Amino acid sequence: MNENRRKFLKRGASALAGAVLVMMIPKPLRAGHEEEDGKPFDWTEHYWAYVIDTTKCIGCGNCVKACKKENGVMEEFFRTWVERYMVNENEHVYVDTPNGGHDGFKPRKTEGKITKSFFVPKMCNHCRNAPCIQVCPVSASYMSPDGVVLVDDKQCIGCGYCVQACPYGARYLNSDHVADKCTWCHHRIWKGLKPACVTVCPTRARKFGDLKEDSEVKEIIETLRVAVLKQELRTEPFCFYIGYDRVIR
């Protein structure tokens, strides 16, 4: 075995050992700590879920603006966005999301008579069987005890595997070449606040709550007919939709 090959194999073994070590680190210890109402936050006492009522969304773009401002999202990317669906009499579906819905929607010319039109906010679905977590080679993507899929920016190596694996198009690499995505404003909910996008919705189309409490979100999921995106993929999303339509992609 020549010297170059021995060096290559030695580097590979060291990298593998490092990856295994990272995977063994308890993830909550890597995620940091915040305070809630002056008391230590115990994320094992909460389990979050998100509900979107498509019958109430008016496509105003307030949620997209609030998200960008709160989280410092790069101009060309979105942690949350809004899509417009229009279906004509021949069941042809038009879908658009100009600038992620940031500036609202202008009238659009289509062929045939439009029989129905509606808006669909989208974001990370915080799946219980998340493909992004499965493909991360260094365990930088993980699920917190309170049910939020997060990225450890100190561990992420910017390989982009998770971006490709997400079936919802919810991830991107930021300017630091680190995987980024919606976190349900985890830094806010640790402090007893709601995600920024929820607070600015004028029609309350967006709802967020704790499934371990008697929250509105828990009641909706338990009593109303809700659906998840791409159910056939069995990713088990925890973002639920009211007014779901079969044409939604």
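Colleague: How many bridges join strand E3 to E12?

Modeller: Quick caveat: this is a predicted model, where local features need pLDDT of at least 70, side-chain atom pairs count only at pLDDT 80 or more, and totals for chains, interfaces and linings use all residues. Residues are numbered from 1 along each chain as its sequence is written, and side-chain values use heavy atoms, leaving out hydrogens and water. Strands are DSSP runs (E, at least two residues), numbered from the N terminus, and two of them pair if DSSP finds at least two bridges between them. E3 covers residues 48–53 and runs parallel to E12, and the number of bridges joining them is four.

Colleague: Which residue in E12 stands opposite Val51?

Modeller: E12 spans 239–242. The residue there that faces Val51 is Phe240.

Colleague: Why is one side of E11 and of E12 left without a neighbour in the sheet?

Modeller: The sheet is open, with three strands in mixed pairing and the order E11-E3-E12. E11 (206–210) and E12 stand at the edges, so each has a single partner strand.

Colleague: At about what angle does helix H8 run to E11?

Modeller: Helices are DSSP runs too (H or I, at least four residues). Axes are lines fitted to C-alpha atoms, for helices over the stretch in contact (heavy atoms within 4.5 Å), and angles run from 0 to 180 degrees between N-to-C directions. H8, residues 216–223, lies across E3, E11 and E12, and its angle to E11 is about 100°.

Colleague: What share of the protein chain is buried?

Modeller: Buried means under 20% relative accessible area, with a 1.4 Å probe and protein chains only. Out of 249 residues, the buried share is 47%.

Methods: Buried means under 20% relative accessible area, exposed over 50%, partly exposed in between (1.4 Å probe, protein chains only).
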